[in-house]
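Subject: Structure for you to look at

Hello,

Here is the structure I said I would pass on. Please open it first, then read the notes below.

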There are 2 protein chains.
Amino acid sequence: MANDAFTALAHPLRRRIVERLSGGVATVGEATSDLGVSKPTISRHLKMLEEAGVVTRVIDGRTHRLALRVDTLAAAEEWIKAQRSRWEALFDVVGQYLAERKDER
Amino acid sequence: MANDAFTALAHPLRRRIVERLSGGVATVGEATSDLGVSKPTISRHLKMLEEAGVVTRVIDGRTHRLALRVDTLAAAEEWIKAQRSRWEALFDVVGQYLAERKDER
């Protein structure tokens with residue numbers, strides 16, 4: 001599932017591209033200019049983002065536009081949230097138990 | 001920041017360990033038994049989880065216990081949420097604009 005999403009988000013350059021796209025659909029040039037890396041490097045990172053389903057590319061003649069795929073981001077976010085919530089719920093139970101013990105005294 | 005957290009979560013075996021630990025503090029044996037991989041492989045994956053700050057290890061004599069670091073998980077979750085929310089807010093604005101245009105007609 002979110003395996004590829006986490007892999008896609010694991011590189012700072014790919015996260016910068018996602019941060020730029022979160023502001024709206026952008027051309028490849030708009031989303032990747034001033035990143036200080038070569039075009040082949042950009043292409044490789046974009047390919048990883050697309051294959052992971054984090055970014056989608058719409059081709060309109062010569063113009064390639066990139067958009068975020070919010071469903072993929074939401075799935076990765078939900079997985080982390082589920083683990084964190086389960087852990088935190090556990091400590092709520094421990095806290096409640098200790099509070100109740102305190103009341104009994 | 002969450003660079004290492006995403007890298008740590010990018011492997012299914014490491015995610016399974018996190019899922020087990022979300023149920024509470026566990027010994028290395030409890031958290032990693034039945035994963036069908038060798039001990040050196042387990043050690044390597046645990047090291048990555050610890051170095052990324054996703055898991056912490058408490059050593060009590062011969063017993064090594066593992067716990068989740070909810071702050072690291074929360075930071076990674078928040079980063080994804082920030083990108084998703086920014087993107088979604090944009091489409092709320094577009095939707096509102098279209099709804100208002102419709103009202104005007």
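Contacts of one residue

Leaving aside neighbours within four places in sequence, S22(A) is in contact (heavy atoms within 4.5 Å) with L68(A), Q83(B), R86(B) and W87(B). This is a predicted model, in which local features need pLDDT of at least 70 and side-chain atom pairs count only at pLDDT 80 or more, while totals for chains, interfaces and linings use all residues. Residues are numbered from 1 along each chain as its sequence is written, chains are lettered from A and ligands numbered from 1 in the order in which they are written, and side-chain values use heavy atoms, without hydrogens or water.

S22(A) lies in the loop between helix 2 (12-21) and strand 1 (26-27) of chain A; helices (H or I, at least four residues) and strands (E, at least two) are DSSP runs, numbered from the N terminus. With 0% relative accessibility, S22(A) counts as buried (under 20% relative accessible area, 1.4 Å probe, protein chains only).

The sheet

In chain A, three strands form an open sheet in the order 1-3-2, with antiparallel pairing (two strands pair if DSSP finds at least two bridges between them). Strand 1 and strand 2 (55-60) are at the edges with a single partner strand each, so one side of each has no neighbour in the sheet. Strand 2 and strand 3 (residues 63-68) of chain A are joined by six bridges in the antiparallel sense, and D60(A) is opposite T63(A) of strand 3.

The two chains

Regards

Technical notes. Buried < 20%, exposed > 50% of the residue type's maximum accessible area, 1.4 Å probe, protein only.
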